[in-house]
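Here are some notes for you to read alongside the coordinates.

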Amino acid sequence: MDTLRVENIRKTFNLSRKQRKIEATDEKRKIAVDAVSFEAVPGEIFGLLGPNGAGKTTALRCIATLIRPDEGDVFVGPDSVLKTPNLVRKNIAFLTNELKLEDHFTPNYLFSYFSRLHKVPEATMLKRREALFSRFGIDKFQEVKVADLSTGMKQKISIAISLVHDPHYIIFDEPTNGLDVLTAKTVTDYLIELKEAGKVVILSTHILSVVEKLCDRVAIIIDGRLTALDTLQNVRSLAEDHDLETVFFDMVRESEALRHA
Amino acid sequence: MHSFWQIFKKEMVRVLTDRRLVLMVFIVPGLSIYILYSLMGMMIANQLEGVQEHRIVLYEANMPDAFRSRLLARDEANDRQRLNLDIRALEDIDEDTMTAQLLSGDIDVVMIFDPLFMDAINDADNHAIPEVFIHYNYGRQQSSFGYNQVTQVLMAFREDILIDRLESPEQYLVFMTQTAPVVDERQLTGQGIAVLMPMLIIIFLFAGAMSIGPDAIAGEKERGTIATLLVTPIKRSEIAIGKVTSLAALALISALSSFIGILLSLPRLMQLEEGNTNLGIYGVSEYGAILLVLASTVLFITGLVAVVSAYAKTVKEASMLIMPFYFITLLVGLVSSFGQDPIQMPIVHIIPLYGPVNLLSGIFIFEWSMINLLIVIVSSLLYTALFIWALARMFNSEKVMFQR
């Protein structure tokens, strides 16, 4: 039962007049996620691949209980995001660029603060902090205010803080965005470690190389709908050249053709 | 309730360790009030002194010696009766020049007596009532002050002449009066304090909450830090309680800074002796009651500010949306300052803001009841609970938290 099941979720948003103009549509509501279902299991990295604005982040926000799906449900282990969101929050790590850390505080302070909110015992917190900070090279900056740190360091601190409670379900949205190659590698290596530790890891990205390198199974999401859901190998085989890029571009083109039909 | 305390502590640390915020929220309000009120006091004192020390330029025609000697006696007096006079003869000045000089301030007062003034006084039966024309410029403080002073001397002069004409002074007096006033010094002083303090208290509390509330809630929304908090398993009601109580504590400290500013500048503003602000007239029960009113009212105010801030998308919008409530608070303060005696009817005390201000006015003049105090506390806490409930719902609403 320690899988993460997304069951037929649908999420729509009201479009403001300005947004309607930008998107060149008369529709007052936009379907951000439409009938999306998948299941991520322990010991794998599940990739959610899609172009910008495809609905990846919306789907992840539904999983992370920040927003509620209009239809369908998400089960994080036995817990439903609709019925028991607080139980879900206890067991997930959620990272997205929308979630920021307060600039005024130091990594040390924030780690303790979020540990206490998660009711992590003090001794465990200290041990975990030491391990995560040294793993990500934060230890030298632990008493520097977040405001004074580089983008890469901030991202690594965000990752460390999302893991204060050692959750079983890891949901990372574009974790390597804006990071230099070295920092990105630290993050991707750590994701592999989490997978090997038997965690359920969901990774959303639009960078194909990240998917190829990390993911065991992939879901491609375009215009809010799943267009593929399979192992990385099977998805690749959808193209004659077995190249994920070809599969992805074919799907995007198909969807664009449908939209303009 | 463990998590509420974590939020409370974090909010306190956030403000108390930020030098810029400490300066803006705790130092600047008190310091600016102190400087402003002290300057106002000094300017009022200088103005009063300036008028009193001004040498009154009095032009006269036909002034009888008897009256002149009275004026000169005042000029030579050493006490507060002293009139600084420069009496000159009105000879070659025509009326237009005189008016021009009165307007320009070169002349303060002109007194023109009938040429046979003393003859008419001494032989009233065979003369018409004599006249004194007094010219002055009531648009100038020095001239008005001079006019008042010389008129007082003139009235005393007329009284003495009248008493002389009568056979005995008792005839003039007609009847005697004796007054035996009683006063409760504490109540008298309290009334002075009650005019200003309740208004200032409510305004300072609101200003304190307003200076930190928008940043603590709308600011967190704007910066995306609230979302990080919302994915933790902490109950939304605990976030709301933590935010409101910490803001209340900070608003109280900020208001306290303003009070220190007031207390230090009050003697100068009210022209009192240094250090004499008379707040020692209140006892433990009054101070206890004031503290309870403050604590419950600040919770109400921060609850209101927090809900408005949570609704707003940005700090700027929050500050703008709070303004109407600030104006209402100013209005409530003004009504209590310039209104009648505090209303004792219990039902009045459930009115938000007005109830506490009305009760404070009562406490300051020693006219308050325990039941009204209880009503203020209970109703404020109920309103605060309502705000916290609304705030918790807002934290749960993706529309309020995430829609831009």
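**Notes on the model**

1. The crossing in which H12(B) passes H13(B) is right-handed. On the H12(B) side the contact uses Val332(B), Val335(B) and Ser336(B), and on the H13(B) side Tyr354(B), Val357(B) and Ser361(B). By type, the residues of this contact of H12(B) with H13(B) are four nonpolar, two polar and no charged. Please keep in mind throughout that this is a predicted model.

2. H13(B) also packs against helix H14 (residues 370-396) of chain B: their axes come within 10 Å and cross at roughly 150°. With over 145 degrees counting as roughly antiparallel, H13(B) and H14(B) are therefore roughly antiparallel to each other. The crossing of H13(B) and H14(B) is left-handed. Here Gly355(B), Pro356(B) and Leu359(B) of H13(B) meet Asn372(B), Leu373(B), Val376(B) and Ser380(B) of H14(B). The residues of the contact of H13(B) with H14(B) comprise four nonpolar, three polar and no charged.

3. Now for a pair that joins the two chains. Helix H4 (residues 107-117) of chain A and helix H1 (residues 2-16) of chain B have axes that come within 9 Å and cross at roughly 160°. H4(A) and H1(B) are therefore roughly antiparallel to each other, and their crossing is left-handed. From H4(A), the residues in contact are Tyr109(A), Tyr113(A), Arg116(A) and Leu117(A); from H1(B), they are His2(B), Ser3(B), Gln6(B), Ile7(B), Lys9(B), Lys10(B) and Val13(B). Sorted by type, the residues of the contact of H4(A) with H1(B) are five nonpolar, three polar and three charged.

4. How many of the twelve residues of H6(A) are buried? Ten are, and H6(A) is thus mostly covered. The buried residues are Gly152(A), Met153(A), Gln155(A), Lys156(A), Ile157(A), Ser158(A), Ile159(A), Ala160(A), Ile161(A) and Ser162(A). They pack against strand S6 (92-95), H4, H5, S7 and H7 of chain A. The length of H6(A) checks out too: its twelve residues should span 16 Å at 1.5 Å a residue, and its end C-alpha atoms are 16 Å apart, which agrees.

5. Helix H7 (residues 181-196) of chain A passes the length check as well, because 16 residues at 1.5 Å a residue should span 22 Å and its end C-alpha atoms are 22 Å apart. Buried residues in H7(A) are Thr183(A), Ala184(A), Thr186(A), Val187(A), Thr188(A), Tyr190(A), Leu191(A) and Leu194(A). Among the elements of chain A covering them are strand S3 (44-49), helix H5 (122-136), helix H6 (151-162), strand S7 (169-173), strand S8 (200-205) and helix H8 (208-214).

6. Ser246(B), in helix H10 (residues 236-269) of chain B, is buried, with a relative accessible area of 0%. Leaving aside residues up to four places away in sequence, Ser246(B) touches Phe8(B), Glu11(B) and Met12(B). Ser246(B) and Arg20(B) are 226 residues apart in sequence, and their C-alpha atoms are 18 Å apart in space.

7. Leu154(B) sits in helix H6 (residues 141-165) of chain B and counts as buried at 10% relative accessibility. With residues up to four places away in sequence not counted, Leu154(B) touches Phe67(B), Met111(B), Phe113(B), Val132(B) and Ile134(B). Leu154(B) and Gly219(B) are 65 residues apart along the chain, with 69 Å separating their C-alpha atoms.

8. Finally, two backbone angles to inspect. Lys119(A), a residue other than glycine, has a positive phi near 55°. Lys119(A) belongs to the loop between H4 and H5 of chain A and is exposed, with a relative accessible area of 55%. His242(A) also has a positive phi near 55°. His242(A) lies in the loop between helix H9 (232-236) and helix H10 (244-260) of chain A, and at a relative accessible area of 46% His242(A) is partly exposed.

Technical notes
Residues are numbered from 1 along each chain as its sequence is written. Chains are lettered from A and ligands numbered from 1 in the order in which they are written. This is a predicted model: local features need pLDDT of at least 70, side-chain atom pairs count only at pLDDT 80 or more; totals for chains, interfaces and linings use all residues. Side-chain values use heavy atoms; hydrogens and water are left out. Axes are lines fitted to C-alpha atoms, for helices over the stretch in contact, and angles run from 0 to 180 degrees between N-to-C directions. Helices (H or I, at least four residues) and strands (E, at least two) are DSSP runs, numbered from the N terminus. Angles under 35 degrees count as roughly parallel, over 145 as roughly antiparallel, 65 to 115 as roughly perpendicular and the rest as oblique. A crossing is left-handed if the near helix is turned anticlockwise from the far one by less than a right angle, and right-handed if clockwise. Contact means heavy atoms within 4.5 Å. Ala, Val, Leu, Ile, Met, Phe, Trp, Tyr, Cys and Pro count as nonpolar, Asp, Glu, Lys and Arg as charged, and the others, Gly among them, as polar. The expected span of a helix is 1.5 Å times one less than its number of residues. Buried means under 20% relative accessible area, exposed over 50%, partly exposed in between (1.4 Å probe, protein chains only).
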